[in-house]
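Subject: Structure handover

Hello,

Here is the structure for you to look over. My notes on the pocket and the sheet follow below.

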Amino acid sequence: MRRGCISLGNIQCDDCHQIIPHSERYLVIEEEGGVTLRLCADCSLKRDYAHYKVEKGEQVLTFFPE
Ligand SMILES: [Zn+2]
């Protein structure tokens with residue numbers, strides 16, 4: 001399960017442990033065994049859970065496969 005969320009400023013990335021700033025996007029992913037991870041955009045990209053696509057000439061971060 002993957003869910004794209006918007007931070008309210010009190011979310012910490014479970015990988016790099018940085019606070020995800022208010023209104024930044026982050027990913028909630030449920031891994032095998034029912035472990036839920038919250039990942040910032042950078043860590044999502046690093047783990048290949050997110051990628052950029054170009055939409056109307058702008059780069060848009062997406063958490064979902066095409
Ligand atoms: Zn992170």
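Which element gives the largest share of the lining of the largest pocket? It is α1, with 3 residues. Please keep in mind that this is a predicted model.

**The pocket**

The largest pocket has a volume of about 150 Å³. Two elements give two or more residues each to its lining: β3 (19-20) and α1 (41-46). The lining residues are C16, Q18, I19, I20, P21, E24, R25, C40, A41, D42 and C43. Sorted by class, 7 of these are nonpolar, 1 is polar and 3 are charged.

**The sheet**

How many strands form the open sheet, and in what order? There are 3 strands, in the order β1-β4-β5. Their pairing is antiparallel. From one strand to the next, the twist averages 25°.

Which strands stand at the edges of the sheet? They are β1 (2-6) and β5 (36-40). Each has a single partner strand, so one side of each is left without a neighbour in the sheet.

β1 pairs with β4 (residues 25-30) over 5 bridges, in the antiparallel sense.

**Where the two meet**

R25 is one of the residues lining the largest pocket, and β4 covers residues 25-30. C40 is also in the lining, and β5 covers 36-40.

Best wishes

Definitions and conventions. Residues numbered from 1 in each chain as written. Predicted model: local features only at pLDDT ≥ 70, side-chain atom pairs only at ≥ 80, totals over all residues. Heavy atoms only, no water. 1 Å grid on protein atoms, 1.4 Å probe; cavity = no way out; pocket = protein on both sides within 12 Å on 5 of 7 lines; lining within 4 Å. Points joined across faces, edges and corners; volume = space filled by probe spheres on them. Helix = DSSP H or I, 4+ residues; strand = E, 2+ residues; numbered from the N terminus. Nonpolar A, V, L, I, M, F, W, Y, C, P; charged D, E, K, R; others polar. Pairing = 2+ DSSP bridges. Axes fitted to C-alpha atoms, helices over the stretch in contact; angles between N-to-C directions.
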